[in-house]
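Morning, everyone. Please look at the structure on the screen while I talk.

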Amino acid sequence: MEVKKMICINCPLGCSLEITIDGEEINVSGNKCKRGREYGISEIKDPRRIVTSTVRVLNGDKMLVSVKTSREIPKKLIFDVMKEINGVKLKAPVSIGDIVIKDILGTGVDVVATSNAKKI
Amino acid sequence: MEREIVIIGGGPAGLAAAVEARKNGIEDILILERDKSLGGILQQCIHNGFGLHIFGEQLTGPEYADRFIKEVEKLNIEYKLDTMVLHISSDKTIQAINPEDGIINIKAKAIILAMGCRERTRGALNIPGTRPAGVLTAGAAQRFVNIEGHMVGKKVVILGSGDIGLIMARRMTLEGAKVEMVVELMPYSTGLKRNIVQCLDDFNIPLLFSHTVVRIHGKERLEGVTIAKVGDDRKPIPGTERFVECDTLLLSVGLIPENELSREAGVKINDITSGPVVDESMQTSIDGIFACGNVVHVHDLVDFVTEESRLAGRGAAKYIKKELKKSDERIYAKGNGGVRYVVPCIINSENVDNEVNFFMRVDNVYRNVYLCAKQGDTVITKVKKQMVSPGEMEHLKIKREVLKQIKKGEITFHLEEV
Ligand SMILES: Cc1cc2nc3c(=O)[nH]c(=O)nc-3n(C[C@H](O)[C@H](O)[C@H](O)COP(=O)(O)OP(=O)(O)OC[C@H]3O[C@@H](n4cnc5c(N)ncnc54)[C@H](O)[C@@H]3O)c2cc1C
Ligand code: SF4
């Protein structure tokens, strides 16, 4: 049996959760509402995060455009996703929503532009 | 040049005010922005989490800004970039400069101040030691990394656990730096919980409460800092000093509204917020000069900036159309017992559309309290709060009918035990 501590981030209260993992069984305590329980379980089973970063632009009116993963990706892939993002160079023009990397690392999630760059 | 409404600053505050003024029938609007693009500080805030209240989705800073820039363009609102406002006078004459036109003088019927805020720097903190390269504000680092594309260091200590510092801890880590620790003077963080978890805990970055940086080392480049524990008086405790090697120190120690121009014009400034004293329409002490966004008080959520700025845009439009009433019967709003300040603090109830949303900050962390508005000993309204903290802005709405009944006098905002 393993015990993990974390803070629920779903509301300003920030309950301190204690999560006990016993094989398949996950128990959450310390939560004041059910959102805390759901959060605790997903943080143990499949923690996910949005990653945001920047990508170089060639021939643009700026050096970089900002990007994000279109949905959350598994937390353990954060640094691998960063490596992929850092390997990309874009050509202006770039518009918000443009797909920068499709289906990154087979996650089914795209990396998309979140700012514009005009061609100069 | 003569204009009806001139807006100083093209950040989210200025943009929302411009759009709202146009929607309220004002054709002649000009936005002056010193940067090369519109959007203000949001352009460098590439993380997500903006717009949950206004758009019901989580946008990044540039995406949030873009929604308003698109609207400004669709409505054909005129703006000048690369244009720095140098002076404003009490008769609403503006002097600005840009490379194309040189010095421009504009006589405005109404002005909306939307200059945002700036970061407190090392000078404001008085940390002893040398003055090497590698000590900069978290916001400046954010600009270097996210806009200009160069990293500012490899081994980083961050002083202050405000949101910008937390966001930069993650950003620097993702770009390959090692963030040694975040050091916070207070026994609590002023940053959002979500940022503590996702920017620090996710990457095992330690957060040291009740600690500060007491000395800076290094000749040309920063070589390290000495940190120490502080007591309840927030003074360093002798004997607790410890050296931490680093090449970069990021300061995230607070924002100050940018009000040199407002002061020069003679606008009355509130000592606690360091922003203009404003009324229900976001009008300052000078008739026809309005203010909104971070220039009034520091916001943690841009959504509230937008809400407040729409009020300012509407207020300025009413002023031009001579629909803004001013009577001697005014209500003064004050913070008391745990509430540090309230915005707005003057209410002409005649001008209120539906209700007034009073924004405020508390002076400490409290659990299980009522946030209440009172007239004398009579409670006007109250809400129960399981927790309040100086890091999260609180608000309380009071309906127009209630304000009309009160008409004049004082409303005080308090925290009371449940
Ligand atoms: C470094 C930094 C990081 C931040 N990060 C976050 C965040 O992650 N999340 C969040 O919710 N909030 C963040 N904030 C708060 C954020 O600033 C506000 O939510 C919001 O951007 C405020 O909007 P504003 O329009 O009032 O100010 P700003 O966005 O600062 O815009 C003010 C504009 O006025 C212009 N200006 C100023 N003086 C002049 C002049 N004399 N002449 C012409 N133009 C002028 C400036 O160039 C700027 O474009 C951050 C603030 C700072 C300083
Ligand atoms: S468990 Fe519920 S009450 Fe506690 S922090 Fe999470 S969402 Fe808020």
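A salt bridge is a side-chain nitrogen of Lys or Arg within 4 Å of a carboxyl oxygen of Asp or Glu. Between chain A and chain B the count is three salt bridges. In one of them, B:D202 meets A:R49 through their side chains, at 2.6 Å, N to O.

A word on the source. This is a predicted model, where local features need pLDDT of at least 70 and side-chain atom pairs count only at pLDDT 80 or more, while totals for chains, interfaces and linings use all residues. Residues are numbered from 1 along each chain as its sequence is written, chains are lettered from A in the order in which they are written, and side-chain values use heavy atoms, without hydrogens and water.

Back to the interface. Contact means heavy atoms within 4.5 Å. By that rule, 26 residues of chain A touch 26 residues of chain B. The buried area is about 2300 Å²; that is accessible area (1.4 Å probe) lost on putting two parts together, summed over both. Carbon and sulfur atoms give 58% of it. Which residues of chain A lose the most area to chain B? They are A:I9, A:L13 and A:T52, together 23% of what that side buries.

Now chain A by itself. Its domain assignment gives domain 1 (2-45) and domain 2 (52-113); such bounds come from an automatic or database assignment. The C-alpha centres of these two domains lie 31 Å apart. That's it from me.
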